[in-house]
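User: I would like a close look at one part of this model. Please start there, then move on to the rest in plain steps.

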Amino acid sequence: MTTLLHIDASVRAAFNPNPSHNSISKNIAKRFIETLKQQQVIDEYIYRDVGMNPPAFINQDWIGAVFSPEEKRTTAQKEILALSDQLIAEVAAADLIVIASPMYNYGMPAQLKAWFDQIIRINKTFDFDLARGDFPLQPLLSGKRLVIITSSGEFGFDTDGIRANQSHLVPHLRTLSKYLGIEHIDEIASEYQEFADTRHQKSLDNAFNQAETLATELALFQQRNSALHVEYE
């Protein structure tokens, strides 16, 4: 069984009256998920468009509620944490997480960071123990797979690219992913958007092809695992 959590972070809609304003990351993610659905491997689909419907930023009251013992929280504090509890439950339930995000100012959109801030929470997605020395934080979730889908106006943000040292989107997502319980990451990227030339079209076509190929591979992997599970029951 596969529960898929799909997070879109672009502030643009997938489709707009002017097609040049369509969200690239959303449409690549759409292709990936449609291909998965055709393979009939998604049992539950959870969707959040945090770009167009952003979660609240955390604040002093939120932090106060988090660090109050659960049994002593006031009704107001429980209400403050209600969204966080729901978002964490969605992550915990997911086997596969898809995060589709544009690169804004060389990093993630503020709306996506707000989603992470609501989720990365002590005693929910990590615990803290100074007995571990210099690494007191330990993730509490595990066993999940992440597909990162990104779009950028420039190019060369991969590890050996000409702008590798300017890339703060995928490295940040990889750093935070351990608190989602991620154990395997796949990446799909579209670049050159601002150049609007053949390089962009080639990169975009390649991203769509990668989305279809990866979805098919994941479907086959899931089907093989299901067959093995039935065989050894």
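In which loop is Phe 67 found?

Analyst: Phe 67 is found in the loop between α2 (60-66) and α3 (75-80). These names follow a rule: helices (H or I, at least four residues) and strands (E, at least two) are DSSP runs, numbered from the N terminus.

First, some ground rules. This is a predicted model, in which local features need pLDDT of at least 70 and side-chain atom pairs count only at pLDDT 80 or more, while totals for chains, interfaces and linings use all residues. Residues are numbered from 1 along each chain as its sequence is written, and side-chain values use heavy atoms, with hydrogens and water left out.

Back to Phe 67. Its relative accessibility is 60%, so Phe 67 counts as exposed. The cut-offs are simple: buried means under 20% relative accessible area, exposed means over 50%, and partly exposed lies in between (1.4 Å probe, protein chains only). Together with Ile 58 and Ile 63, Phe 67 forms a nonpolar patch on the surface. The three share about 290 Å² of accessible area. Such areas come from the Shrake-Rupley method with a 1.4 Å probe; for residues, only the protein chains shown count as cover. A patch takes residues with over 30% relative accessible area and no salt bridge; like charges are joined within 9 Å, and nonpolar side chains (Val, Leu, Ile, Met, Phe, Trp, Tyr) within 5 Å.

Now the salt bridges. Each one is a side-chain nitrogen of Lys or Arg within 4 Å of a carboxyl oxygen of Asp or Glu. The whole structure has 11 of them. One of them joins Asp 127 to Arg 132, at 3.0 Å from N to O. Asp 127 is partly exposed because its relative accessibility is 22%. Arg 132, at 32%, is partly exposed. Another bridge joins Glu 154 and Arg 163, with 3.3 Å from N to O. Here the two partners fall into separate classes. Glu 154 has a relative accessible area of 24%, so Glu 154 is partly exposed. Arg 163 has 15%, so Arg 163 is buried.

Look next at Arg 174 and Glu 187. Their closest N and O atoms are 2.8 Å apart, in a salt bridge. Arg 174 sits in helix α6 and Glu 187 in strand β7, so this pair links distant parts of the chain, 13 residues apart. Arg 174 is partly exposed at 39%, and Glu 187 is partly exposed at 38%.

Glu 187 leads us to the largest pocket. Rolling a probe the size of a water molecule over the atoms shows where empty space is left. The largest pocket holds about 460 Å³ of space. Its lining has 21 residues, and the closest to the pocket centre are Phe 157, Asp 158, Val 170, Glu 187 and Ala 189. On a 1 Å grid over the protein atoms alone, a cavity is a set of points where a 1.4 Å probe fits but cannot get out; a pocket is an open set with protein on both sides within 12 Å along at least five of seven lines, and lining residues have an atom within 4 Å of a point. Grid points are joined across faces, edges and corners, and a volume is the space filled by probe spheres set on the points.

Which elements give two or more residues to this lining? They are β6 (144-151), α6 (170-177), β7 (182-190) and α7 (198-231). β7 gives the largest share, 4 residues. By class, the lining has 8 nonpolar, 9 polar and 4 charged residues. Ala, Val, Leu, Ile, Met, Phe, Trp, Tyr, Cys and Pro count as nonpolar; Asp, Glu, Lys and Arg count as charged; the others, Gly among them, count as polar.

Next, two loop residues with positive phi. Asn 105 has a phi near 50°, and Asn 105 is not a glycine. Asn 105 lies in the loop between β3 (96-102) and α5 (110-119). At 78%, Asn 105 is exposed. Ala 196 also has a positive phi, about 50°. Ala 196 is placed in the loop between β7 and α7. Ala 196 is exposed, at 64%.

Finally, Ile 120. This residue lies in the loop between α5 and β4 (126-128). Ile 120 is partly exposed, at 21%. Ile 120 and Tyr 179 are 59 residues apart in sequence, with their C-alpha atoms 6.3 Å apart in space.
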